[in-house]
Amino acid sequence: LEEREACGAHPCHAGDQPRVDCKWTSWGEWAECSASCGVGLTVRLRQVAVNSSHGGKPCNGVSKEVHNCTNAHCDEGGDCEWSTWEMWSVCSDKCNGHQERSRIIAAPARRSGALCQGPAREM
């Protein structure tokens, strides 16, 4: 058989100990925008500087604020760019052979830029 007794359930009276109200620190600086281009999020924080005790008022409000942000240094877009063609390969056969060359995408299209046109390989 187990027996339990409540504790700390009585209200605190001003005469027992002085009330201590919760206090926040000042807000921190806004963090860097989460997006390097376009709309992202930024956040700032604060912490409890003093915890409430002895019946003091708890902290009101939040410890984190989040807002939308826009990075103004955004590249609005750009067209796809091919690399230069590589050298032609050696001929595949002395009679009726073929040669080929290729290129790669050096810069993919960004945002509303045009896609690369033409083949990546020629024969």
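Visitor: In what order do the elements of the protein run from the N terminus on?
Guide: From the N terminus on, the elements run β-β-β-β-β-β-β-β-β-β, and the secondary structure comes to zero helices and ten strands. Helices (H or I, at least four residues) and strands (E, at least two) are DSSP runs, numbered from the N terminus. This is a predicted model, in which local features need pLDDT of at least 70 and side-chain atom pairs count only at pLDDT 80 or more, while totals for chains, interfaces and linings use all residues. Residues are numbered from 1 along each chain as its sequence is written, and side-chain values use heavy atoms, with hydrogens and water left out.

Visitor: How many disulfides does the structure hold?
Guide: The structure holds three disulfides, a disulfide being a pair of cysteine sulfur atoms within 2.5 Å.

Visitor: Okay, what does C22 join to?
Guide: C22 is joined to C59, with 1.5 Å from S to S, and the link of C22 and C59 is left-handed, with -75° about the S-S bond. The pair links distant parts of the chain, since C22 sits in the segment before β1 (23-24) and C59 in the loop between β3 (48-50) and β4 (64-71), 37 residues apart.

Visitor: And which residue is joined to C33?
Guide: C33 forms a disulfide with C69, at 2.1 Å from S to S, and the link of C33 and C69 is right-handed, with 90° about the S-S bond. C33 lies in the loop between β1 and β2 and C69 in strand β4, so the pair ties together parts that are 36 residues apart in sequence.

Visitor: What about C80 and C116, are they buried or exposed?
Guide: Both C80 and C116 are buried, where buried means under 20% relative accessible area, exposed over 50% and partly exposed in between (1.4 Å probe, protein chains only). C80 and C116 form a disulfide with their sulfur atoms 1.4 Å apart.

Visitor: Is C95 buried or exposed?
Guide: C95 is exposed, its relative accessible area being 57%.

Visitor: New topic: where is R44 found?
Guide: R44 belongs to strand β2, which covers residues 38-45.

Visitor: Which residue does the side chain of R44 join through a polar contact?
Guide: The side chain of R44 makes a polar contact of 2.7 Å with that of E65. A polar contact is a pair of N or O atoms within 3.5 Å; within protein, one must be able to donate a hydrogen and the other to accept it, and residues adjacent in sequence count only if both atoms are side-chain atoms.
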